[in-house]
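Please look through the sequence and the 3D structure shown here before reading the notes that follow.

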Amino acid sequence: MMVTVFGAYGHTGRFVVAELRKRGFTPVLSGRDADKLSKLAAETGLEARPASVDDPAALDRALAGTAAVINCAGPFATTAGPVIEAALRAGIAYVDVAAEIEANADTFAHFSDRARAAGAVIVPAMAFFGGLGDLLATTAMGDWTSADEAHVAYGLSNWHPTEGTRAAGAVSRERRDGRRVRYANGRLEYRTDAPPTLDWAFPEPLGTRPVIGEFTMADVVTIPSHLPIPEVRTYMAAEAARELSSPDTPAPAAVDEHGRSAQTFLVDVIVRSGGKERRVVARGQDIYAITAPLAVEAVHRILSGQIRTTGVASAGQIFDAPDFLRALSPYLTAEVHA
């Protein structure tokens with residue numbers, strides 16, 4: 001079964017291509033840079049179909065005959081809309097790995113009605129930021145139908161950002177006019193004050209670490225898209241946040257045969273309701289590499305009918321969250337604390 005990977009030659013795209021092949025799919029390589037595509041095609045023996053987001057006919061050719069498309073090409077403020085339109089024309093599933101808050105919000109706002117009417121499946125933010133946090137929060141909720149607040153704390157050992165991460169961050173800052181964003185009182189709020197710094201008690205062996213509070217990631221779009229939680233806060237380990245913002249931080253460097261960096265992560269998710277608290281903790285290696293099994297498992301479940309709804313839906317809404325996390329056990333560990 002063929003799956004188009006748009007942005008196949010990027011850092012995350014290459015992980016996705018490898019994971020698709022591992023899972024028995026045939027990736028079709030696509031993206032805007034024909035030279036990079038040709039080089040990757042020569043390396044992998046896979047078909048390359050160059051396409052630009054401002055050329056609908058080329059996008060249609062890139063998706064022709066495939067069962068789904070995984071969009072790995074940011075900034076998603078530019079690419080998501082055109083590739084979704086192409087997927088709707090082709091009648092195939094769309095999955096992306098967008099971490100951009102506004103781009104994900106746009107996907108829900110602009111495509112929900114059309115996708116639902118067409119019976120199409122569109123899953124944005126099916127990545128480390130957005131998708132994983134949503135799966136963890138949904139698992140933590142269990143039989144709760146609502147909660148007062150959700151907290152997602154990211155304990156990264158380091159953060160060496162890719163060129164794509166930097167470009168997406170620049171687009172987001174421009175869209176916000178330099179403001180920061182948080183999700184409170186049931187909506188996105190834009191603020192000009194500095195985010196708070198506090199200590200977060202991560203599970204051992206990480207322990208208590210300084211974090212940037214209201215370091216807002218895509219979870220503030222995915223989680224409240226289907227869970228009635230009026231306060232969703234995300235936090236980032238302070239050192240990782242500093243590395244992300246520094247122009248001198250190097251790109252990720254591979255340390256194993258899978259191309260993963262030495263970076264490790266711990267995602268600590270807490271939901272609270274009426275004085276009660278539930279917690280789920282995930283641990284793994286390399287936030288970019290883990291995005292590949294997240295996106296590919298999503299495609300597998302969509303194409304095999306293991307979905308709970310159609311239209312635009314986040315990971316926790318469309319999939320059985322605890323079962324999805326169990327399927328990721330070769331790549332990460334997830335522990336539920338009642």
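Ala125 has a relative accessibility of 0% and therefore counts as buried, where buried means under 20% relative accessible area, exposed means over 50%, and partly exposed lies in between, all with a 1.4 Å probe and protein chains only. This is a predicted model, in which local features need pLDDT of at least 70 and side-chain atom pairs count only at pLDDT 80 or more, while totals for chains, interfaces and linings use all residues. Residues are numbered from 1 along each chain as its sequence is written, and side-chain values use heavy atoms, with hydrogens and water left out.

**Backbone details in loops**

- Ala125 lies in the loop between strand E6 (121-123) and helix H6, where helices (H or I, at least four residues) and strands (E, at least two) are DSSP runs numbered from the N terminus.
- Although Ala125 is not a glycine, its phi is positive, at about 55°.
- Glu214, found in the loop between E11 and helix H8 (219-222), also is a residue other than glycine with a positive phi, near 55°, and Glu214 is buried with a relative accessible area of 11%.
- Gly74 and Pro75 are joined by a cis peptide bond with an omega of about -5°, and Pro75 sits in the loop between strand E4 (68-71) and helix H4 (76-90).
- A cis peptide bond with an omega of about 10° joins Glu204 and Pro205, the latter being placed in the loop between strand E10 (197-201) and strand E11 (208-213).

**Strand E7 and its partners**

- E7 pairs with strand E12 (residues 231-237) in the parallel sense over 6 bridges, where two strands pair if DSSP finds at least two bridges between them.
- Tyr154 stands opposite Met236 in E12.
- With strand E13 (residues 264-273), E7 pairs in the antiparallel sense over 8 bridges, and there Val271 is the bridge partner of Ala150.

- Thr139 belongs to helix H6 (residues 128-141), and Thr139 is buried, with a relative accessible area of 12%.
- Leaving aside residues up to four places away in sequence, Thr139 touches Val280, Ala321, Pro322, Leu325 and Val336, where contact means heavy atoms within 4.5 Å.
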